[in-house]
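Have the viewer open as you read.

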Amino acid sequence: MRNGSLKRILSVSLSAAMVLSLAACGKKTQTKKQELDVTIDQIHLGTDYTDIAADLKFLTHKTDVIDTTFQKYIEEFQKLYPNVNIEYEGITAYADDITTRLTTGDWGDICMIPMTVDKDELENYFTKMGDKATLSTIYEGNMLNNYAYQDTVYGIPSMANVQGVVYNKKVFEQAGVTELPKTPDEFLDALQKIRDNTDAIPLYTNFAAGWTMTAWDAYIDGGATGDPDFSNTGITKGENPFSDRGDGTGPYAVYNTLYEAVKRGLTEDDPTTTDWEGSKGRLNNGEIGCMALGSWSVLQMQQAGDNGADVGYMTFPITVDGKQYAASGPDYNYGINCNSSRDNQIAAMCYIKWLVEESGFAQSEGGLSVVIGDEYPEALKALDGVELVVNNPSAEGEENLFNDINNDSELGLNVSGAVPKEIVEEAVSGTKTMEEMVAEWNEKWTAAQEANGVQH
């Protein structure tokens, strides 16, 4: 891929989801248009379909750049496709609202595909982008797994993320932390040094924002084990997956790090009063030591003040057999409404191809481009030598198994942040120990496994 020393194994950021059964077009309502006879790999930008005319509506979660960056993208794209007009609609509560919008079938032409669509229903909503084998010659193949079903791809990632910790380098230096922590114990020791030797909040949870807490769920499989199959064999089908493995790895090691940090007073005084927008500037100016967030956050923190050079990124502090890994996976995927007219679908495909391959969006957001051969952004080059792990896809016939278990267990991994939220609440109140919470999670997960045919 890029920077050959970084091996890609597989996906975390959006791979896990609670699932709602949706029906908008295709077999469910018999309203799906004739299947598009064009795939994204067949399009040559600036050469094919340059006379096509279309008015596209694009639903996005990126409300902050609609009037700036996205308008520049439209201007550049229209130099190639002058008759394609694009209107962005920003949705603040995107994850909640987009599912409802999809059920109408009349939501626009392009959206960022929500996690609530089962893989076997993708064709009922979205246009086929191409065959996975073919698209894997252009884009990183493992990054296409989230919205691929039976070797057909329905979504193209806007970018990929690495799951780690964004931190203020100067705060760590002032605290006397000379080497980045590589284990949970070393991380907690570093946080204690920040508490003892600086005025900064060692670890800012961003608890009040809610969605920020799901970052902790993103560390628990490949990044915490080095195993690209752990999401399937260790979590989805594994027995008591939240139990302590005894070696500082796996889900327990991740969640217990958060529990101990809060319990020891190494986070903000009152988690219910955290301020997401304000936290960016505070990390930039050294009032906050670090936060658990995907690599997409680095650029936002760097641009939030005058101390961008002080903002760095580290992998989550877990070491497996002497080696560190970082979970990597696709961010939101672009999808095209299968109910749109043929011209609108083709125009939308041209725009998505341009966004992914030509716009530089991934790099400008501090993420990784999914295009084979593209370079790492400067902010993430410090991860050189860390092995990136992308979760392997589930077996054929089991594409929805994790989602079904996750939904039935009500733990909401990577969706609601229920587990890390409970950890913070219980660490503050002291009502439940980590072991008591683990026992409850395992019980709920096991019951959900059994309800979905998983036996141990």
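How many bridges join β7 to strand β14? Two bridges do so, and β7 and β14 (residues 333–336) run antiparallel.

## About the model

This is a predicted model, in which local features need pLDDT of at least 70 and side-chain atom pairs count only at pLDDT 80 or more, while totals for chains, interfaces and linings use all residues. Residues are numbered from 1 along each chain as its sequence is written, and side-chain values use heavy atoms, leaving out hydrogens and water.

## The sheet

Follow the order β2-β1-β3-β14-β7 and you will trace an open sheet of five strands with mixed pairing. At its edges are β2 (84–90) and β7 (156–157), each pairing on one side only. Strands here are DSSP E runs of at least two residues and helices are H or I runs of at least four, numbered from the N terminus; two strands pair if DSSP finds at least two bridges between them. For a residue-level view, I156 has Y334 in β14 as its bridge partner.

## Helices across the sheet

Helix α2 (residues 94–102) lies across β1 (54–60), β2 and β3 (110–112), at about 140° to β3. Helix α11 (residues 342–357) lies across β1, β2, β3, β7 and β14, at about 55° to β1. Contact means heavy atoms within 4.5 Å. Axes are lines fitted to C-alpha atoms, for helices over the stretch in contact, with angles from 0 to 180 degrees between N-to-C directions.

## Cysteines

There are zero disulfides, a disulfide being a pair of cysteine sulfur atoms within 2.5 Å. The sulfur of C350 is too far for a bond because the closest cysteine sulfur, in C111, is 18 Å away. C350 is buried, with a relative accessible area of 0%, and C290 also counts as buried at 0%. Buried means under 20% relative accessible area, exposed over 50%, and partly exposed in between (1.4 Å probe, protein chains only).
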